[in-house]
Amino acid sequence: MAFKSILGNKGRSFLTMLGIIIGIASVMTIVSTVNGMNQESMKQFEAMGTNKINVSAMRYNGQDVFDDLYDYCSSLGSDLVLGITPNANLWDLTVVYGSKSSKAMEKNQENMWNGDGTMNNDLALPPECYLGSDQYAVCNNFRLAKGRDISNIDIKNYNQVCVLGARAAKNFFNYADPVGQVMQVNGLPFTVVGVYAAKDTSESPYSMDNIIVFPYTVKRMLNPNTDINEFVVKAASGEATTEVISRLSGFLVGLTNNGQSGSGGAYSENQWQESQNEYLTMISLVLGGIAAISLLVGGIGIMNIMLVTVTERTREIGIRRAIGAERSAIVTQFLIEAAMLCGIGGVIGIGIGTLGTRAAGKLLMQIDIWPSAGITLCAFLLSVVLGILFGIYPAAKASKLQPVEALRAE
C-alpha cells in the first residue's frame, strides 16, 4: 500500500525525497572521501616506516655530530633502537648512465600534466640523492630486491658504490639489471650494488622510490659543502619511540651545550600521523555536520508531506478505524510509508554519493576511493531512521482521528 501511494504521486514523492537524496549523497561523499584520504595517508606513513624518529643536530663550528649520535644510540641497546643513519640530501648532482641523464630529466617537469588534468605517471624525473649509513634501509623501511645494501666496509673505505630505489632503477635502466653497472655521478664512477624493492603504492613520478643512496663518507667527493645535519633513528616499537625521543632530547641538550654551541631536536613520524588523523577527523565532522543540515531539511519535508497525506486520506483512515483497525495499525501504516519514502531516497543518495566519492578521489588525490560497506549500510539505515523519526507525528495524528469525524470528511 505504501509503495502504491508513492507511485501514485511520483512527482511529489521525488521532490519530497530530494532533501534526503542530497543529504545522504553529501554526507556519504564527504565521509568516504576523508576516510579514503586518511587510509591513503596511513599507507604513506606505513611505507615510510613506523617508529621513525627524525633528528636534526649541528654544531656551529661545523664539527661532525654523527659519530657521537651513533655511539649514543648504540648504547641504548636493541630493545630501544634498531638503527641510525644520516639522511642528508645531496644537491647539484648530475647522474648519467648511457644516454640517460638526470639533467635531461629535469626538463620533463614542464610536461607533468596531461591535457585532462591528470598527472603523467610515465615521466622520468631526476632522482633524490641521499647520504646514508649501512642502516639506511632499516631506518627508512626499505628492503632489498636485488644485490646488496651499503655495508660498513663501504663506509670505512669510502667505496664509490650506491643503491637505487625501484623508480630510479626503472628510469635509468628500464628492465635491465642495474646491479654491477657503473653510473657517472658528477663525473665519478659509482657502482650499483643493489636495488630496493618498491614500497610506494602510487605511480607518481615523485615516488619515494625515486632515490639513490650513497655511503655518507663519500660526500667530500660529490659535494663537500653538504652538511650532514639530518638523521633518522629507528625505534624498536611504538612504546620505545616516546622513551627514545625523551632520551635523545636530553642528549642533544648536552651535545649542543644547551643550545650555546649548536642546535638540535627530535620528533617522531608517529606524532605527525596522529595529528593528521585528528585533523582529518575534525574536517570530516565539520563538513559532515554542514551536510547533515540538508538531512534535517529533508526530514522536515517528509513530515510535511506525510501530514498532507494524512489530510488527503482522512476518509480512508475513518473506514479502517470503523471496521476495527487499532491505532497501532494506523501508526504502522504511515511509518512504513515514511520509512519507504526515505529509504528509496537513501538508495538514490547512496548511488550519487558513490559517484561523488569516486570523482573526489580522482580530483583531489589521483586515487580510487570506494565507500566502505559500513558507511553504505549506515547511510541507508540513517535514511530509514529519519523517515521513522519524522513520520511519528503525522502517524500519531492519523491514529487519533475519530472514526465518525473521519467518515464525514470530503
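Modeller: Two strands pair if DSSP finds at least two bridges between them. Helices (H or I, at least four residues) and strands (E, at least two) are DSSP runs, numbered from the N terminus. This is a predicted model, where local features need pLDDT of at least 70, side-chain atom pairs count only at pLDDT 80 or more, and totals for chains, interfaces and linings use all residues. Residues are numbered from 1 along each chain as its sequence is written, and side-chain values use heavy atoms, with hydrogens and water left out.

Colleague: OK. How many bridges join strand 1 to strand 13?

Modeller: There are 7, and the two strands run antiparallel. Across from Asn 54 stands Tyr 267 of strand 13.

Colleague: What is the strand order in the open sheet?

Modeller: The order is 2-12-1-13, 4 strands with antiparallel pairing. Strand 2 and strand 13 (262-268) are the edge strands, as each pairs on one side only. From one strand to the next, the twist averages 15 degrees. Axes here are lines fitted to C-alpha atoms, for helices over the stretch in contact, and angles run from 0 to 180 degrees between N-to-C directions.

Colleague: Which strands does helix 3 touch on the sheet?

Modeller: Helix 3 touches strand 1, strand 2 and strand 12. Its direction makes about 175 degrees with that of strand 2. Contact means heavy atoms within 4.5 Å.

Colleague: Which residues of helix 3 are buried?

Modeller: Phe 66, Leu 69 and Cys 73 are the buried ones in helix 3 (residues 66-75). They sit on the same side of helix 3, because they cover an arc of only 65 degrees around the axis. Buried means under 20% relative accessible area, exposed over 50%, and partly exposed in between (1.4 Å probe, protein chains only). The arc is that of the directions from the helix axis to the C-beta atoms.

Colleague: And what do the buried residues of helix 3 pack against?

Modeller: Strand 1 (52-59), strand 2 (81-86), strand 12 (230-235) and helix 9. Just after helix 3, Gly 77 has a positive phi of about 90 degrees.

Colleague: Switching to helix 9. How far apart are its end C-alpha atoms?

Modeller: They are 25 Å apart. Helix 9 (residues 238-255) has 18 residues and should span 26 Å at 1.5 Å a residue, so the two agree. The expected span is 1.5 Å times one less than the number of residues.

Colleague: Which residues in helix 9 are buried?

Modeller: Ala 240, Thr 241, Val 244, Ile 245, Leu 248, Leu 252 and Leu 255. Their arc around the axis is only 135 degrees, which puts them on the same side of helix 9. On the other side, Glu 239, Thr 242, Ser 246 and Gly 254 are exposed.

Colleague: Why do residues three or four places apart point the same way?

Modeller: Because an α-helix has 3.6 residues a turn.

Colleague: What caps the N-terminal end of helix 9?

Modeller: Ser 237 does, with a side-chain oxygen 3.1 Å from the backbone nitrogen of Ala 240. Just after helix 9, Asn 257 takes a positive phi of about 55 degrees.

Colleague: New topic. Is Ser 383 buried or exposed?

Modeller: Ser 383 is buried, at 0% relative accessible area. It is found in helix 13 (residues 373-399). Beyond its neighbours within four places in sequence, Ser 383 is in contact with Ile 20, Ile 24, Cys 342, Gly 343 and Gly 346.

Colleague: And Asn 225, buried or exposed?

Modeller: Asn 225 counts as exposed, at 65% relative accessibility. Its place is the loop between helix 8 (219-222) and strand 12.

Note on methods: A polar contact is a pair of N or O atoms within 3.5 Å; within protein, one must be able to donate a hydrogen and the other to accept it, and residues adjacent in sequence count only if both atoms are side-chain atoms.
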